[in-house]
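Student: Could we go through a protein structure together, one question at a time? I would like to see how each answer is reached.

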Amino acid sequence: MMQAGIFTGYFPYDLKTTAQKIRAHNFNTVQLDLHFSDIDVSDGQVTPEKCRTIRDTFRDHHLPICCTSAYTNIVHPDPATRKVRLDRLKEILAHTQYLGSPYVISETGTFDTSSDWVHHPKNKTEEGWDDCRAVITDLAKFAWDHGAVFLLETYVNNVVGSVEETLRMFAEVDHPGLGLLMDPTNYFEAHNIGQMDKTLNYVFDALSDKIKIAHAKDVKRSGDDKSEKHSDIGDASAAESHTFRGVGEIELPAPGLGELNYDLYLQRLAQKHPNIPMIIEHLDESDVARAKAFLDGKLRANGC
């Protein structure tokens, strides 16, 4: 049976309180965000000892860590900014062995400087592709050398944003240090959201064997508001990856608040990954109980 989990970052408290609150919702795994009010795990401050403390605290609350967040723009066009971002990602990759899971996740980035989720013309050029592939190759090798696996999460506006681009990246970076975070909502645009089942089947026909972890959010048309959307999750210092809710034609709300065919999603996912962690996202703490009930209901209805 699939495990229901959630990002720890939606609970902006000290380490123990975060674990207690998540366990109170009857989750049984978490995607770890290195962000707690009582332990400094900022850039350059991650240590094996701190990682073991975090790991053991979640284990004590029956919440094994299934993966760790390291979301950042890995192809930021400013060299100094890119170095800072990649240094942080590698810091997490180097320490994830002490957190209890090898999997560390990031998006594939954009050459836009104003946002990690806005399209830039260079994203879809061979020059941009070669740059991104070189970064991902380095990350996959670095991860493997440190007992980790780098999971890329595709998003339509990033360099790797389509099924075809995802397949190409895995073909060109054929390395055991690279895997896929599955979030089918990230493949939808205005041109294919009206073909929900066809698109979902295409995604899973092509990519099922690459998947390591899965996300649970939703997708819908954004209506008149085409701006980049963010949500206040009650944490002024939260990463933008946790507040982001979509841009342009597509909005990405919490699970159960959009158009995603969850029945088909879970059925296809379970065919090859019957025990995979399903990590809820794109919500705030006040909506956790509703989202958990929605996901639990879908898992039960589909025998997952």
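Student: Which helix gives the largest share of the lining of the second largest pocket?
Tutor: Remember as we go that this is a predicted model. Helix 5 (163-172) and helix 6 (196-207) each supply at least two residues of that pocket's lining. The largest share is four residues, and the helix they come from is helix 6.

Student: What is the volume of the second largest pocket, and which residues of its lining are closest to its centre?
Tutor: The volume of this pocket is about 200 Å³. Its lining is made of 14 residues. The ones closest to the centre are Tyr187, His191, Asn192, Thr199 and Tyr202.

Student: How many residues of that lining are nonpolar, polar and charged?
Tutor: Here we sort the lining residues of the second largest pocket by type. They divide into five nonpolar, six polar and three charged.

Student: Is Thr199 buried or exposed?
Tutor: Thr199 lies in helix 6, and it touches Phe188 and Asn192 when residues up to four places away in sequence are not counted. Its relative accessibility is 10%. Buried means under 20%. Because 10% falls under that cut-off, Thr199 counts as buried.

Student: Is Ala171 buried or exposed?
Tutor: Ala171 lies in helix 5. Its relative accessibility is 58%, and the cut-off for exposed is over 50%. Therefore Ala171 counts as exposed.

Student: Which residues have the most contacts inside the largest nonpolar core?
Tutor: This core has 94 residues. Helix 4 (residues 126-145) gives the most to it, with seven residues. The residues with the most contacts inside the core are Ile54 and Phe58.

Student: Where is Thr8, and is it buried or exposed?
Tutor: Thr8 is found in the loop between strand 1 (3-7) and helix 1 (15-24). Among the residues it touches, beyond four places in sequence, are Ile22, Leu32 and Phe58. With a relative accessibility of 1%, Thr8 counts as buried.

Student: Which backbone nitrogen lies 2.9 Å from a polar atom of the side chain of Thr8?
Tutor: The partner is also one of the residues that Thr8 touches. At 2.9 Å, the backbone nitrogen is that of Asp33.

Student: Which backbone oxygen does the side chain of His95 reach?
Tutor: His95 has its place in helix 3 (residues 79-95), and at 15% relative accessibility it counts as buried. Leaving aside neighbours within four places in sequence, His95 is in contact with Val46, Thr47, Pro48 and Cys51. At 2.8 Å, its side chain reaches the backbone oxygen of Glu91.

Student: What is the phi of His282, and is this residue buried or exposed?
Tutor: His282 has its place in the loop between strand 12 (277-280) and helix 9 (288-301). Its phi is near 60°, a positive value in a residue other than glycine. At 5% relative accessibility, His282 counts as buried.

Terms used
Residues numbered from 1 in each chain as written. Predicted model: local features only at pLDDT ≥ 70, side-chain atom pairs only at ≥ 80, totals over all residues. Heavy atoms only, no water. Buried < 20%, exposed > 50% of the residue type's maximum accessible area, 1.4 Å probe, protein only. Polar contact = N/O pair within 3.5 Å; in protein donor to acceptor, adjacent residues only side chain to side chain. Contact = heavy atoms within 4.5 Å. 1 Å grid on protein atoms, 1.4 Å probe; cavity = no way out; pocket = protein on both sides within 12 Å on 5 of 7 lines; lining within 4 Å. Points joined across faces, edges and corners; volume = space filled by probe spheres on them. Nonpolar A, V, L, I, M, F, W, Y, C, P; charged D, E, K, R; others polar. Core = buried A, V, L, I, M, F, W, Y, C linked by side-chain atoms within 4.5 Å.
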